[in-house]
Amino acid sequence: MKVDFVTSAGDTVTAEAGPGDNLLRVAQSAGLPLEGTCEGQMACSTCHVIVAPEWFDRLAPASEEEEDMLDLAAGVARTSRLSCQIDLDETLDGLTVRIPATSHDMRRF
Ligand code: FES
């Protein structure tokens, strides 16, 4: 299965993924600038992505903790999610998410 990431520059990066893969890990393996500082503990929000509207309703809903973290994320949109909370399955083949423009990978500076 595939996941499309749209970078803040507007380029699309297509990553290969498998059922059970975590979206944050897939993004990082594809070289996308998502820090994921807390490694999925819902304590940062640096793994924030904006899900394409046509895909948003197909994801399992966000937990209350995730919603609370998203309130603190920079550049949130109606379809924002924490990528560390999204585990892929076959129904998500072709999932498209955008990397927010405000996401910086400090390791690159
Ligand atoms: S990696 Fe920290 S909230 Fe997702």
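With 109 residues, the protein would have a radius of gyration near 13 Å if it were a compact globule, and its value of 12 Å agrees with this; the radius is taken over C-alpha atoms, and the globule rule is 2.2 Å times the number of residues to the power 0.38. The model is predicted, so local features need pLDDT of at least 70 and side-chain atom pairs count only at pLDDT 80 or more, while totals for chains, interfaces and linings use all residues. Residues are numbered from 1 along each chain as its sequence is written, and side-chain values use heavy atoms, with hydrogens and water left out.

Along the principal axes, the C-alpha atoms fill a box of roughly 30 × 30 × 20 Å. The secondary structure consists of three helices and five strands, where helices (H or I, at least four residues) and strands (E, at least two) are DSSP runs numbered from the N terminus. Their order along the sequence is β-β-α-β-α-α-β-β.

Of the 109 residues, 42% are buried, meaning under 20% relative accessible area, with exposed over 50% and partly exposed in between (1.4 Å probe, protein chains only). Val 26, in helix H1 (residues 23–29), counts as buried because its relative accessibility is 7%. Leaving out residues up to four places away in sequence, Val 26 touches Phe 5, Ala 15, Glu 16, Ala 17, Asp 21 and Leu 88; contact means heavy atoms within 4.5 Å. Val 26 and Asp 87 are 61 residues apart in sequence, with their C-alpha atoms 10.0 Å apart in space. Among contacts between residues at least 6 apart in sequence, 64% join residues at least 24 apart.
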